[in-house]
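Hi,

Here is the model I promised to pass on.

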Amino acid sequence: MRSKDKISYFYDGDVGNVYFGPHHPMKPHRLCMTHHLILAYGLHSKMEVYRPHKAYPVEMAQFHSPDYVEFLQRINPENMNLFPKEDLRRYNLGEDSDCPIFEDMFEFCQIYAGGTIDAARRLNNKLCDIAINWAGGLHHAKKCDASGFCYINDLVLGILELLKHHPRVLYIDIDVHHGDGVEEAFYFTDRVMTVSFHKFGDGFFPATGDVKEIGEREGKFYAINVPLKDGIDDSSFNRLFRTIISKVVEVYQPGAIVLQCGADSLARDRLGCFNLSIDGHAECVKFVKKFNIPLLVTGGGGYTKENVARCWTVETGILLDTELPNEIPDNDYIKYFAPDFSLKIPGGYIENLNTKSYISSIKVQILENLRYIQHAPSVQMQEVPPDFYIPDFNEDEQNPDERVDQRSRDKQIQRDDEYFAGDNDNDGS
């Protein structure tokens, strides 16, 4: 076991300032709340903290179609009426979709995608053991269109970076919604195993992720879906998670793991239907960390924003092996945590429709499919292509008595204006 994990954390304050619209459930402002809660608990002092680079269109086009990326780059609320309606429909953008066009939309995509790409590159270059980008995890975006509040699939881009150095990458998704965009991207390859735990049935978005969806061609048996019903609780979820993930890691032997920690699987989420407490959700993070495999952690869904901030702060603490007091310290967003100002939230009270026999049948099917994987696939690694960008700021090598030029300073996140008031919730919801 490593004596102490080296952790890189990525954040840009601008990512939380965009606004999807007054009635849209996605509130990027939750990222500001999370960051300030992490600051309030002093967790930033235990990590290397970076502002990510803004992903270049050419980086996005490693997965997404260049035409789609160019369209995202060109369109904005002021000029959207100049674009043909059929283009908006083709890319699933605009008023008739769940992916609105808003001010600074492309920059928002650049920031969250850049964070996940940078996180993967730091892991690849062994500059850290764990990399965190809570702004990332937008798992629904497809190669040629937006979907489910997601425009650019940063997870796919991050995994593609990891594949430059690792023969096999394991993707784990605990968002309440199926990780369809990531699964689809790697459905035909054995170099990425995708494992998604999610609500399935009753037309629940995105209406994919049946246990029978297992991958095709070289990717057959390398897509694992754990379809769950309303109301699953901590004990049922964690038992199933531990059983499946431990077997997956044993059989697949990944060189790196990407863990999408969507917080809409928490109890009382606006769009969710599970009963998970923060402790139950965080137990998954704790379990994956114990494998001591290079780990990239992202956010994802989560629409009760004060609980999103609570959850990702607790999970940052877990990744740092730091127990946090339950009483939330004073911070710029303290009013959102009223009336009890406590960090943890309990599980919910929705009826658990996941019977023991149902859970057992899902587990049996998945473990049976894993038996078809005799051993981890071997890969003839090609020459590793160069990175577009590698963060080169090394805190250990800096002399505090020497002046730091502005470019180097900008690669650190610790901007004075992000420690104080100034972030506003646009509609108070």
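Before the rest, some housekeeping. This is a predicted model, so local features need pLDDT of at least 70 and side-chain atom pairs count only at pLDDT 80 or more, while totals for chains, interfaces and linings use all residues. Residues are numbered from 1 along each chain as its sequence is written, and side-chain values use heavy atoms, with hydrogens and water left out.

Back to Asp 330, which sits in the loop between H10 and helix H11 (356-370). Helices (H or I, at least four residues) and strands (E, at least two) are DSSP runs, numbered from the N terminus. Leu 39 belongs to helix H1 and counts as buried because its relative accessibility is 12%.

On the whole chain: I get 12 helices and 8 strands, and 59% of the 429 residues count as buried. The accessible surface (Shrake-Rupley method, 1.4 Å probe; for residues, only the protein chains shown count as cover) comes to about 18,300 Å², with 48% of that belonging to carbon and sulfur atoms. Taking contacts (heavy atoms within 4.5 Å) between residues at least 6 apart in sequence, 81% join residues at least 24 apart.

Leaving out residues up to four places away in sequence, Phe 241 touches residues including Phe 197, Cys 284 and Phe 287.

I used a 1 Å grid over the protein atoms alone: a cavity is a set of points where a 1.4 Å probe fits but cannot get out, a pocket is an open set with protein on both sides within 12 Å along at least five of seven lines, and lining residues have an atom within 4 Å of a point. Grid points are joined across faces, edges and corners, and a volume is the space filled by probe spheres set on the points.

- The largest pocket holds about 350 Å³. Helix H9 (278-289) and helix H10 (305-319) each give two or more residues to its lining, and H9 has the largest share, 5 residues. Among the 15 lining residues, Lys 286, Gly 317, Ile 318, Thr 322 and Glu 323 lie nearest the centre. By class, the lining has 5 nonpolar, 2 polar and 8 charged residues. (Ala, Val, Leu, Ile, Met, Phe, Trp, Tyr, Cys and Pro count as nonpolar, Asp, Glu, Lys and Arg as charged, and the others, Gly among them, as polar.)
- The second largest pocket is about 240 Å³, and its lining includes Leu 93.
- The largest cavity is about 90 Å³, and its lining has 10 nonpolar, 2 polar and 1 charged residues.

Cheers

Methods:
Buried < 20%, exposed > 50% of the residue type's maximum accessible area, 1.4 Å probe, protein only.
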